[in-house]
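Hi,

Here is the structure I promised to pass on. Have a look at it first, then read my notes below.

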Amino acid sequence: MSRVYNFSAGPSMLPVPVLEKAAGELLEYGSTGQSVMEMSHRSAAFEPIIAEAQALLREVMCIPDNYKVLFLQGGASSQFAAVPMNLMVKNRKADYVLSGQFSTKAYKEACNYGDCKVVASSKDDTFSHIPAIDKNELRPDADYLHICMNNTIYGTFWHELPDTGSVPLVADISSCILSRPLDITRFGLLYAGAQKNVAPAGLTIVIVREDLIGSTLPGTPTMFDYKVMADNDSMYNTPPCWPIYMCKLVLEWIKNDIGGLEKMQERNEKKAQVLYDFLDNSKLFKPCARKDSRSIMNVTFVTGDKDLDAKFVKEAAASGFVNLKGHRSVGGMRASIYNAMPPEGVDKLVAFMREFESSNG
C-alpha cells in the first residue's frame, strides 16, 4: 500500500492512527458484535459514543457550560439558513462581512429572512485579505455579526476578531476548527462542517450560547430549530452515527497523541511557515494571500502561467502530492494542510516544488 499526501480542501485526509483504529473496529465495536455503521442511534451501544464525542469536544475546545453543542447534518451550508432562522428574531437585522465565497453565500441566504447588511468586503481585491471594518458601519441593533473565520478558497484567516460589543458574533469555522485554541466566549455561535479537520463528511457541528436559542422565525423547519435539537441531544432524528464516532477518535488523537490545541497550533504554524518561507523566496511560485491575512490551513499560490500551473498539478499528482489544483473560481494551486497533514508531507512538497522550479524556472 502506498498512501499519497492529500492536500484536498475537503473532504480532507484523516490522521493515520485514527484510520487504523477505525479499521480495527470496523467489523465489531468493542464487544457489541456489530459495526458502528450498523448500530441503532437509540441503542445502549451508541449512546456512550455520542456522549463521549460531545464531552471530548467540550474538553478540547474549552467550551463553557452555557453553550450547547449540537451534532447536526446538512453541512455548513445548511447553517447559512439555520443561523438567521434561529438568531435573526429580535430586530430582524444581521450584519455580514464578505471575505470569500462562503461568507457571500451565507449573506445571500440570510437575505431571505430579514434585513442583512454588508459591513465590509474584500471582493474588489479578489478576497486576498480580511477586510477592515469601519465600526460606524456596524449596527448596534443587529441580531448578530457573521464572519467566515478561515477562507479555504482564498487562503485567508481572521487573526484578530472584530469587536462587536453586545452584538453576538457568529463564525463559520469549518476549515479552522480544532486547528488552534479559540476563546469561545467571544462568540454567540460557531458552526463547522466536519470534513476538513474533524471527521468524514456528514457531520455538522454547532456551538451556540444558550440564551440565543428558544425563538425562531415563523415557518422554521423543525430540523433547523436549535432548541429542538438541543432538547433531544442531537438525536431528534437519526444522526450521522459513523462521522460522530470518527469525530470521537479524532478528538482522542488531538488530546492524547498531539497534546491539545496549543500543541496543535504550534504544529500547524510550523508546517505553514515551511511552505510560506519557500513561496516568499521562490522565483517561480507566488503566494496569493496578503501576509497579514494568511491562513495556516489553506495556502494558495500561482506561477502566473496557467499552463505551467496545470503542468505542476499534473506532475505533483504523479509524484504522490494530490488535490493541489486551486478552486475552479480562482485557479492556481492550493495546498490544504489541515491537522492530519504530517509535517513531512509539507517538507516533501516543498522539496518537489524546489525541484520543479529548477526544471521550469
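**Helices and rings**

Helices H3 and H4 cross in a right-handed way, meaning that the near helix is turned clockwise from the far one by less than a right angle. Helices here are DSSP runs of H or I with at least four residues, strands are E runs of at least two, and both are numbered from the N terminus. On the H3 side, the contact (heavy atoms within 4.5 Å) uses Phe80, Ala81 and Pro84, and on the H4 side Phe102, Lys105, Ala106, Glu109 and Ala110.

Before you go on: this is a predicted model, where local features need pLDDT of at least 70 and side-chain atom pairs count only at pLDDT 80 or more, while totals for chains, interfaces and linings use all residues. Residues are numbered from 1 along each chain as its sequence is written, and side-chain values use heavy atoms, leaving out hydrogens and water.

Now the rings. There are 17 aromatic pairs in the structure (rings of Phe, Tyr and Trp, the last by its six-membered ring, with centres within 6.5 Å; planes under 30 degrees apart are stacked, over 60 edge-to-face, the rest tilted). Tyr5 and Phe321 make a stacked one, 6.0 Å centre to centre with 15 degrees between the planes. Tyr5 sits in strand S1 and Phe321 in strand S13, so this pair ties together parts 316 residues apart in sequence. Both Tyr5 and Phe321 are buried (under 20% relative accessible area with a 1.4 Å probe, protein chains only; over 50% is exposed, in between partly exposed).

Tyr96 and Tyr144 pair edge-to-face, at 5.8 Å and 70 degrees.

Cheers
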